[in-house]
Amino acid sequence: MEEGELDFICSGINADGKFERENTGRGEDLSPEFYFGNLSPYAKSLIITLEDLSLPVKNYTHWVIWNIPPTDFLQKGIAHGKYVADLGGAVQGIGYGIHRYAGPKPPRGKSHKYRFTVYALDSMLDLKPSATKRKVLKAAMPHVIQQGEAYGYYE
């Protein structure tokens, strides 16, 4: 059941397409605020991933979090840990940030491109916090009803 594109805005990426310092590994490394529009009434959970698209490793995972309750707004600074009580027990898996957000931190003098992807699902996922993005997305694909992306750069 495809519901139309999910509107997705990340406050951590400014009008020039660059990450705000506080949302990077060279700043406070806080997850940014997210705004979701046109969210399907059939959405039961959200997944967010952050990937570095500039490394030789294809779409290197910085962050993966799933079972986020459907919402129009997600606050910045999501707590570290396998489970996030403030988000209804959302689960943070394995990536560069192990059970936490890990913002951009490319080698000094290099500019890297990053992508946040949000998926709206018609179900929750029954996966352990040891899951990687690959495992999460494999389990999620039959349940994805909407998707949105936001791109940013950092050097």
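**Notes on the cores and ring pairs**

1. Phe8 is buried, at 10% relative accessible area (buried means under 20%, with a 1.4 Å probe and protein chains only). Keep in mind that this is a predicted model, where local features need pLDDT of at least 70, side-chain atom pairs count only at pLDDT 80 or more, and totals for chains, interfaces and linings use all residues. Residues are numbered from 1 along each chain as its sequence is written, and side-chain values use heavy atoms, leaving out hydrogens and water.

2. Phe8 stacks on Phe36: the ring centres are 5.6 Å apart and the planes sit at 5° (rings pair if their centres lie within 6.5 Å, and planes under 30 degrees apart count as stacked). Phe8 is in strand β1 and Phe36 in strand β2, 28 residues apart (strands are DSSP E runs of at least two residues, numbered from the N terminus). Phe36 is buried too, at 5%.

3. Phe34 and Trp63 give another stacked pair, with 6.3 Å between centres and 20° between planes.

4. What about the largest nonpolar core? It has 28 residues, and Phe34, Phe36 and Trp63 are among those with the most contacts inside it (a nonpolar core is a set of buried Ala, Val, Leu, Ile, Met, Phe, Trp, Tyr and Cys residues joined through side-chain atoms within 4.5 Å). Strand β8 supplies the largest share, 4 residues.

5. A second, separate core of 13 residues includes Ala140. Ala140 is buried at 0%.

Conventions:
Buried means under 20% relative accessible area, exposed over 50%, partly exposed in between (1.4 Å probe, protein chains only). Rings of Phe, Tyr and Trp (its six-membered ring) pair if their centres lie within 6.5 Å; planes under 30 degrees apart count as stacked, over 60 as edge-to-face and the rest as tilted.
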